[in-house]
Amino acid sequence: MSRIDESKDFIPVRIAVLTVSDSRGLSEDRSGDTLVQRLLDAGHVLADRRILPDERAEISTQLRAWCKDSGIDVVISTGGTGLTGRDVTVEAHRDVYEKEIDAFGTVFTIVSMQKIGTSAVQSRATGGVAKGTYLFALPGSPGACKDAWDEILSKQLDFRHRPCNFVEILPRLAEHQRRK
């Protein structure tokens with residue numbers, strides 16, 4: 001089973017939060033607020049925060065910019081993962097990914113099933129890696145952000161989490177780019 005190895009030091013990661021919405025501003029961004037509060041409470045660093053409309057090109061441009069920023073280790077977006085015509089966040093993420101973390105969506109669905117039953121099939125949560133940066137796309141509800149953080153990301157973004165975690169392999173994510 002998973003556990004926290006208290007003999008290891010916590011290593012904070014630098015996280016950017018992107019809310020994708022045609023209608024929300026910062027004052028109405030409860031999902032973004034949920035993520036920011038949780039990552040700060042965990043001891044991580046909020047590296048940047050933005051709100052963008054449901055426009056695939058704008059989203060992927062912002063994701064690429066953050067992946068090039070050495071001050072950002074992880075990007076978490078919220079919103080635009082559903083099935084409607086304006087939901088393009090997943091496609092924008094996949095435009096950027098070098099590798100998809102296939103099991104992230106599966107594990108998120110399992111977590112969601114325990115909370116909302118079969119309605120979980122309507123989410124297309126996804127995760128991937130690009131330029132040595134982790135990227136995660138979550139649904140736009142505060143509950144989904146809470147579930148993803150509490151049940152998956154808080155553990156995988158904690159260096160002390162055993163048997164393994166995303167932080168311990170962070171330095172190796174871009175090693176293929178160094179090979180000549």
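These legends walk through several close-up views of one predicted protein model.

Residues are numbered from 1 along each chain as its sequence is written, and side-chain values use heavy atoms, with hydrogens and water left out. Because the model is predicted, local features need pLDDT of at least 70 and side-chain atom pairs count only at pLDDT 80 or more, while totals for chains, interfaces and linings use all residues.

**View 1. The whole chain, before zooming in.** The protein chain's secondary structure comes to seven helices and eight strands; helices (H or I, at least four residues) and strands (E, at least two) are DSSP runs, numbered from the N terminus. With a radius of gyration of 15 Å, close to the 16 Å that the globule rule gives for 180 residues, the chain is as compact as a globular protein of that length. That radius is taken over C-alpha atoms, and the rule is 2.2 Å times the number of residues to the power 0.38. The C-alpha trace spans about 45 × 40 × 30 Å along its principal axes. Of the 180 residues, 48% count as buried, where buried means under 20% relative accessible area, exposed over 50%, and partly exposed in between (1.4 Å probe, protein chains only). Take the contacts (heavy atoms within 4.5 Å) with a separation of 6 or more: residues 24 or more positions apart account for 76% of them.

**View 2. Helix α4 and its buried face.** Here is α4, with 15 residues and a reach of 21 Å from its first C-alpha to its last, close to the 21 Å expected at 1.5 Å a residue. The expected span is 1.5 Å times one less than the number of residues. Which residues of α4 are buried? They are Phe 104, Gly 105, Phe 108, Val 111 and Ser 112. Looking down the axis of α4, these buried residues fall within an arc of 125 degrees, so they line one face of the helix; the arc is that of the directions from the helix axis to the C-beta atoms. What covers them includes β6 (126–130), β7 (133–138) and α5 (142–156). The face turned away from the buried side carries the exposed residues Asp 102 and Gln 114.

View 3. Zoom in on Ser 112, which sits in helix α4 (residues 102–116). Ser 112 counts as buried because its relative accessible area is 5%. Setting aside neighbours within four places in sequence, Ser 112 is in contact with Gly 117 and Ala 120. Gly 117 also follows α4, and its phi is positive, near 65 degrees.

**View 4. Helix α3, seen with its packing partners.** In α3 (residues 89–96), the buried residues are Thr 89, Val 90, Ala 92, His 93 and Val 96. They cover an arc of only 160 degrees around the axis, which puts them on the same side of α3. What do the buried residues of α3 pack against? Their partners are β2 (14–20), α2, β4, β6 and β7.

**View 5. His 44 in its loop.** His 44 lies in the loop between α1 (30–42) and β3 (45–52). Is His 44 buried or exposed? At 5% relative accessibility, His 44 counts as buried. Not counting residues up to four places away in sequence, His 44 touches several residues, including Phe 10, Leu 39, Trp 149 and Leu 157. His 44 and Pro 12 are 32 residues apart in sequence, yet 4.4 Å apart in space, C-alpha to C-alpha. A polar atom of the His 44 side chain lies 3.0 Å from the backbone nitrogen of Val 13.

**View 6. Asp 69 and its side-chain reach.** Asp 69 is in the loop between α2 (56–68) and β4 (74–78). With 36% relative accessibility, Asp 69 counts as partly exposed. The Asp 69 side chain reaches the backbone nitrogen of Gly 71 at 2.7 Å.

**View 7. Two backbone details in loops.** Most residues other than glycine have a negative phi, and most peptide bonds are trans. Lys 131 is a residue other than glycine with a positive phi, near 50 degrees. Lys 131 is in the loop between β6 and β7 and is partly exposed at 47% relative accessibility. Elsewhere, a cis peptide bond joins Arg 162 and Pro 163, with omega about 20 degrees. Pro 163 is found in the loop between β8 (161–162) and α6 (166–169).

Definitions and conventions:
Polar contact = N/O pair within 3.5 Å; in protein donor to acceptor, adjacent residues only side chain to side chain.
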